[in-house]
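The sequence and the structure are shown first.

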Amino acid sequence: MNSVPLKFSLDLLVWSLAIPLAFVLRLNNISAVNVQAIAFFILAGLIYKSGLIIYFRLHLQLWQRTSLSELRILTFACLASFLISTTLGFYISGVPRSIPVITELLALAFMVALRVIARVGHENSRRLINKPQTTKKVLIIGAGDAGSLVVREMFKHPEQGLTPMAFLDDDPQLRGKWIQGVRVWGGLVEFESICQSHSIDMVVFAIPSASGRTVRQVVSEARRLNLEYKIFPGLYEIFGDHVQVSHIRDINVEDLLRRNTAPLDMQQISGYLEGKTVLITGAGGSIGSEVVRQICHFHPKKLILLGRGENSIFSIQQEILRTWPEIEQVALIGDVRDRARVREIFAAQRPQVVFHAAAHKHVPLMEESPHQAVLNNIFGTQNVAETALEYGVERMVNISSDKAVNPTSVMGTSKRVAEMIVTHCGQQAKN
């Protein structure tokens, strides 16, 4: 149901029909005075309710994908209509004060029902049209937000051939609960019994915060039972994208070797970030953008977002404008390999703290293009570090990699050299 005029007309129709129905429910007998009031409210409502539909863009909502955000907007529209109709009711005789309340509750119920019917019909039709010949029965490990997203997307995309059968989660409060129509059967101790009783074909691990030990345990059990196993990545890996079933991927070595979270000294971090001008290189990248988000929690005075890709820099800039509007920020396009541009930015912005996250980090790609690793990771870092030293930056943080420890690749070696450059500049600053 994508026709804008049709959706506009249906909303206006059920919104108007709610008026006489409210009078019927409220009054035992409808008098001539009540009929006049009903006619007035319907005619006046056609005008101001049309305006509300346009103002709140109700006719532009995609009913097949109605979510809580659309329903919240719908509620605000009905609330605005309630205030208008209540005001009009003071000047019209024969109108009980409860009529506007009943009317808007009925209207809200009717309009929500329209959207729910449209969404359910759309999803059911997709299931029938895209129903695959064979499906895999899936066990989801983790009944939190990630697990809920996985199940919802599996139901929305039946063409993927994945049918969620059960949840397992060690949280005792979730045991026996139903999430997205799928039951939480228990903890990991029930893994084998649930797999056998539900004829599970695939296991999807959906606990982004879990330790490597837990991941290894699940993988070991899945292998023993000859089951396919996948993992749903942490949201930081897919930030900015719509969550999709396609994000479920194979488990890799990094998943098996997850480290425990290191405790942070929040007071010390806040001491050198709060009220400071902070420059982040590579601010649009996967690591740099997350650094930006974390820095915002410590209330810097100003953020300088530096990167080569205009789309990624624009994206993180808009996110900060929405989430942290009180923080002053400036987005700049530049390459850390361009020493003149780096000096120009430092001279104009005078950063007090620098987070250097601009780097090539994919090992296979750098093996194919080693000169780029040298130019970006080594000479780029040298430009930033030496310019920071020249302009008296209070603190510089170099975002490195564990592959710089006893490096065996071009990328790791380039990051190790970068660490040495930053260390050398730091020693010069102390002297």
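Of the 431 residues in the protein chain, 43% are buried. The model is a predicted one. Its secondary structure consists of 15 helices and 11 strands. Among contacts with a separation of 6 or more, 72% join residues 24 or more positions apart.

**Nonpolar cores**

The largest nonpolar core holds 28 residues, and the members that touch the most others are Trp 15, Phe 23, Leu 58, Val 95 and Met 111. At least two residues of this core come from each of helix 1 (4-26), helix 2 (32-55), helix 3 (68-89) and helix 4 (99-129). Another core lies apart from this one; it has 19 residues, including Val 278, Val 291, Val 292 and Ile 327.

Which residues does Trp 15 touch, when those up to four places away in sequence are not counted? They are Lys 49, Leu 52, Ile 53, Leu 58, Ala 77, Cys 78, Ser 81, Glu 104, Ala 107 and Met 111. Two of these partners, Leu 58 and Met 111, are also named above with Trp 15 among the core members that touch the most others.

**Aromatic pairs**

The whole structure contains three aromatic pairs. One of them joins Tyr 55 and Phe 56 in an edge-to-face arrangement, with 5.0 Å from centre to centre and 90° between the planes. Tyr 55 counts as exposed because its relative accessibility is 61%, and the cut-off for exposed is over 50%.

Another pair is formed by Phe 346 and Tyr 391, whose ring centres are 6.3 Å apart. The planes of these two rings meet at 35°, so the pair is classed as tilted. Phe 346 belongs to helix 12 (residues 339-349), while Tyr 391 sits in the loop between helix 14 (370-390) and strand 11 (395-398).

**Charges over rings**

Two arginine side chains lie over the faces of aromatic rings, as listed below.

| Charged residue | Ring | Distance from the ring centre |
|---|---|---|
| Arg 183 | Trp 185 | 4.1 Å |
| Arg 395 | Tyr 272 | 4.0 Å |

Note on methods:
Residues numbered from 1 in each chain as written. Predicted model: local features only at pLDDT ≥ 70, side-chain atom pairs only at ≥ 80, totals over all residues. Heavy atoms only, no water. Helix = DSSP H or I, 4+ residues; strand = E, 2+ residues; numbered from the N terminus. Buried < 20%, exposed > 50% of the residue type's maximum accessible area, 1.4 Å probe, protein only. Contact = heavy atoms within 4.5 Å. Core = buried A, V, L, I, M, F, W, Y, C linked by side-chain atoms within 4.5 Å. Phe/Tyr/Trp six-rings, centres within 6.5 Å; stacked < 30°, edge-to-face > 60°. Lys NZ or Arg CZ within 6 Å of the ring centre and 35° of its normal.
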